[in-house]
Amino acid sequence: GGQSEEIPEGSKSLSFFYTTDILPDSLGMQIYACYYDPNTFEFTKMDTLATFKSIKRGELSSFQLVKDTADPAIVYFIQPLDPVTGNVLENLATPFDPTIASGYFLSFEGGPLGTEKHYINSIEAMAGDNGVFDIASNRLISY
């Protein structure tokens, strides 16, 4: 991932890892920053921060720079993708809809020291009824 000094101010270097067999052998992941009015929580805009084209089960993905702004009006989301077609992964229990803050949140809060610039997040899945599943992403390690 490189040295912390190489990461620009206001950014983090992010990677993913998963082992669950509920998910396909590989998947893509889109990272979004969704902005909401702090008084009304009305959706105002969305930025696509990064696209991971292929994250393979049991392998650490490549690191990508992701803009990170300490702003309570921003909510970070992940959108799992089919790595071949780039389409939204089927059978998701919670579809991504930023206008109503629906989807899977990205755990992207600061590390314990507050100086970490590299983040490795897990991707976890739980199977539900009728072949649908839920996804979560939590920090495994930051440095």
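Colleague: Why does Y143 count as partly exposed?
Modeller: Buried means under 20% relative accessible area, exposed means over 50%, and partly exposed is in between (1.4 Å probe, protein chains only). Y143 has 40% relative accessibility, so it counts as partly exposed. This is a predicted model, in which local features need pLDDT of at least 70 and side-chain atom pairs count only at pLDDT 80 or more, while totals for chains, interfaces and linings use all residues. Residues are numbered from 1 along each chain as its sequence is written, and side-chain values use heavy atoms, leaving out hydrogens and water.

Colleague: What makes F41 partly exposed, and where does F41 lie?
Modeller: The relative accessible area of F41 is 47%, so F41 is partly exposed. F41 lies in the loop between β2 (26-36) and β3 (43-56); strands are DSSP runs of E with at least two residues, numbered from the N terminus. F41 has a positive phi of about 60°, although it is not a glycine.

Colleague: Is N130 buried or exposed, and how do you know?
Modeller: The relative accessible area of N130 is 78%, so N130 is exposed. N130 is found in the loop between β7 (118-127) and β8. β7 and β8 form a hairpin with 5 residues between them, and N130 in the turn has a positive phi of about 60°.

Colleague: Why is β7 called largely enclosed by the rest of the structure?
Modeller: In β7, 7 of the 10 residues are buried, so the strand is largely enclosed.

Colleague: How do you know in which sense β7 and β8 pair?
Modeller: Two strands pair if DSSP finds at least two bridges between them. β7 and β8 have 9 bridges in the antiparallel sense, and I123 stands opposite S137 in β8. Strand β1 (residues 11-17) and β7 have 5 bridges in the parallel sense, with L14 opposite Y119 in β7. By that definition, both are pairs of strands, because at least two bridges are enough.

Colleague: What makes a set of residues a nonpolar core, and which members of the largest one touch the most others?
Modeller: A nonpolar core is a set of buried Ala, Val, Leu, Ile, Met, Phe, Trp, Tyr and Cys residues joined through side-chain atoms within 4.5 Å. The largest nonpolar core has 27 residues, of which L14, F16, M29, I31, I123 and I135 touch the most other members. β1, β2, β3, β5 (74-81), β7 and β8 each give two or more residues to this core. β2 gives the most, with 5 residues. Another core, of 7 residues, lies apart from it and includes Y32, V75, F77 and A101.

Note on methods: Helices (H or I, at least four residues) and strands (E, at least two) are DSSP runs, numbered from the N terminus.
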